Amino acid sequence: MDERTFDQIDEALCQRTRLAIMASLAAVGKLDFVEIKARLNLTAGNLSVHLSALEKAQYVRIEKSFQGRKPLTSVWMTDQGRKALKRYVNLLQSILSEP
């Protein structure tokens with residue numbers, strides 16, 4: 001394994017919380033902010049920061065609306081995000097399978 005292999009690691013995904021968010025979205029497609037916060041035991045501020053980083057990388061789409069009078073923030077993984085997650089997992093598998 002050479003240095004170039006590690007240069008391919010996606011910095012938006014290598015952070016534990018962002019990877020957990022993406023894995024959660026990959027499993028179910030769409031989650032709302034409150035569901036993600038509860039699943040991953042995060043504070044609202046912490047989750048907001050990580051979602052912003054994923055949105056900036058165009059890996060998630062965030063939509064804000066209201067359910068009655070209550071704000072609702074929905075999060076979806078984009079096609080670009082799904083491809084990035086798959087590349088990341090494949091890269092990790094290739095690293096682990098090297099002698």
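This is a short walk through the predicted model above, one selection at a time.

Before you start, residues are numbered from 1 along each chain as its sequence is written. Because the model is predicted, local features need pLDDT of at least 70 and side-chain atom pairs count only at pLDDT 80 or more, while totals for chains, interfaces and linings use all residues, and side-chain values use heavy atoms, with hydrogens and water left out. Helices (H or I, at least four residues) and strands (E, at least two) are DSSP runs, numbered from the N terminus.

**Stop 1: helix 4**

Select residues 44-56. That is helix 4, with 13 residues, and it reaches 18 Å from its first C-alpha to its last, close to the 18 Å expected at 1.5 Å a residue. The expected span is 1.5 Å times one less than the number of residues.

Now show the side chains of Leu47, His50, Leu51 and Leu54, the buried residues of helix 4. Buried means under 20% relative accessible area, exposed over 50%, and partly exposed in between (1.4 Å probe, protein chains only). They cover an arc of only 100° around the axis, so they sit on the same side of helix 4; the arc is that of the directions from the helix axis to the C-beta atoms. Turn to the other side of helix 4 and you'll find Val49 and Lys56 exposed.

What covers the buried residues? The cover includes helix 2 (16-28), helix 3 (33-40), strand 2 (60-67) and strand 3 (70-77).

**Stop 2**

Next, pick out the open sheet: 3 strands in the order 1-3-2, with antiparallel pairing. Strand 1 (30-32) and strand 2 are the edge strands, each pairing on one side only. From one strand to the next, the twist averages 25°. Two strands pair if DSSP finds at least two bridges between them; strand 2 and strand 3, which run antiparallel, are joined by 8 bridges.

Helix 4 packs on this sheet too, touching strand 2 and strand 3, and its direction makes about 125° with that of strand 2. Axes here are lines fitted to C-alpha atoms, for helices over the stretch in contact, and angles run from 0 to 180 degrees between N-to-C directions.

**Stop 3: Thr73**

Stay in strand 3 and select Thr73. Across from Thr73 stands Lys64. Thr73 counts as buried because its relative accessible area is 17%. Among the residues it touches are Leu31, Phe33 and Ile62, not counting residues up to four places away in sequence; contact means heavy atoms within 4.5 Å.

**Stop 4: the core**

Which residues touch the most other members of the largest nonpolar core? Of its 19 residues, they are Leu13, Ile21, Met22, Leu25, Leu47, Leu54 and Tyr59. Such a core is a set of buried Ala, Val, Leu, Ile, Met, Phe, Trp, Tyr and Cys residues joined through side-chain atoms within 4.5 Å. Center on Met22, whose contacts include Leu13, Leu54, Tyr59 and Leu85, not counting residues up to four places away in sequence.

**Stop 5: Lys37**

Finish in helix 3 with Lys37. Lys37 counts as partly exposed because its relative accessibility is 34%. Lys37 touches Leu42, Thr43, Ala44 and Leu47, not counting residues up to four places away in sequence.
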